Amino acid sequence: MPTLRGAAGLAMLMLSSLWLGPPASAATTERVVTDRHSGLAISGFDPVAYFVDRAAVEGRAEYEYTYAGTVWRFRNPGNRNAFADNPTVYAPVFGGYDPVGIARGVSRPGNPGLFAVMGGRVFLFYSETARDKFMADPVGVLTEAQNHWPQVRAGLTP
């Protein structure tokens, strides 16, 4: 999984200013990528595991929590409790939609297996190509995505 190092610390600082500043209430109105068949957010993957395990880990049915109008799964009660205490930290940015797609003005659901943790937030990507593009210029992609997100979000079903 890609991470930022060395000179990219400046990019991390810029990412933090872009993503740690929004009000906490913003995440509650985001549309979340939800599996149509199961009704689970991000296909049932544990959003806390991206931070704790640095891996995409499927959640378990016995550890569920409802947030932002959808059901989230977790691999253990500790992860569920961490999410419940601070969902705006652990929920994927853009509700799990690919930031590269958002930057182009389109909603493309992120694949929970293709992710990056940057600036204290998790981003999901539609493809490895999209993740590579994001990693090459995270600040540029996020600036464009931030500009397009209100329009894209308005077109998503709540």
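**Figure 1. Strand E4 is mostly covered, with five of its five residues buried.** This close-up is taken from a predicted model. Both faces of E4 are covered. On one side lie the buried residues Arg121, Phe123 and Phe125.

**Figure 2. Strands E3 and E4 form an antiparallel pair.** Five bridges join the two strands. Methionine 118 is placed opposite arginine 121 of E4. Two residues separate the strands of this hairpin, and glycine 119 adopts a positive phi near 60 degrees there.

**Figure 3. Helix H7 has a buried side and a face turned away from that side.** Helix H7 spans residues 128–136, and its buried residues are Ala130, Arg131, Phe134 and Met135. These residues lie on the same side of H7 because they cover an arc of only 135 degrees around the axis. An α-helix has 3.6 residues a turn, so residues three or four places apart point the same way. The exposed residues Thr129, Asp132 and Ala136 are carried by the face turned away from the buried side.

**Figure 4. The buried residues of H7 pack against helices and strands.** The helices in question are H6 (99–103) and H8 (138–154). The strands are E3 (111–118) and E4 (121–125). Strand E4, one of these partners, has five of its five residues buried, and E3 pairs with E4 in the antiparallel sense.

**Figure 5. The protein chain comprises eight helices and four strands.** Read from the N terminus, the order of elements is α-α-α-β-β-α-α-α-β-β-α-α. Of the 158 residues in the chain, 43% are buried. Among contacts between residues at least 6 apart in sequence, 59% join residues at least 24 apart. The accessible surface of the chain is about 7,700 Å², and carbon and sulfur atoms account for 51% of that area.

**Figure 6. Residues 1–14 and residues 16–30 have pLDDT under 50.** Over residues 1–14, the model has 14 contacts beyond four places in sequence. For residues 16–30, the corresponding count is 28 contacts. Where pLDDT is low, the predicted coordinates should not be read in detail. The protein chain as a whole averages a pLDDT of 85, and 80% of the residues score at least 70.

Note on methods
Residues are numbered from 1 along each chain as its sequence is written. This is a predicted model: local features need pLDDT of at least 70, side-chain atom pairs count only at pLDDT 80 or more; totals for chains, interfaces and linings use all residues. Side-chain values use heavy atoms; hydrogens and water are left out. Buried means under 20% relative accessible area, exposed over 50%, partly exposed in between (1.4 Å probe, protein chains only). Contact means heavy atoms within 4.5 Å. Accessible areas come from the Shrake-Rupley method with a 1.4 Å probe; for residues, only the protein chains shown count as cover. pLDDT is the predictor's confidence in each residue, from 0 to 100. The arc is that of the directions from the helix axis to the C-beta atoms. Two strands pair if DSSP finds at least two bridges between them.
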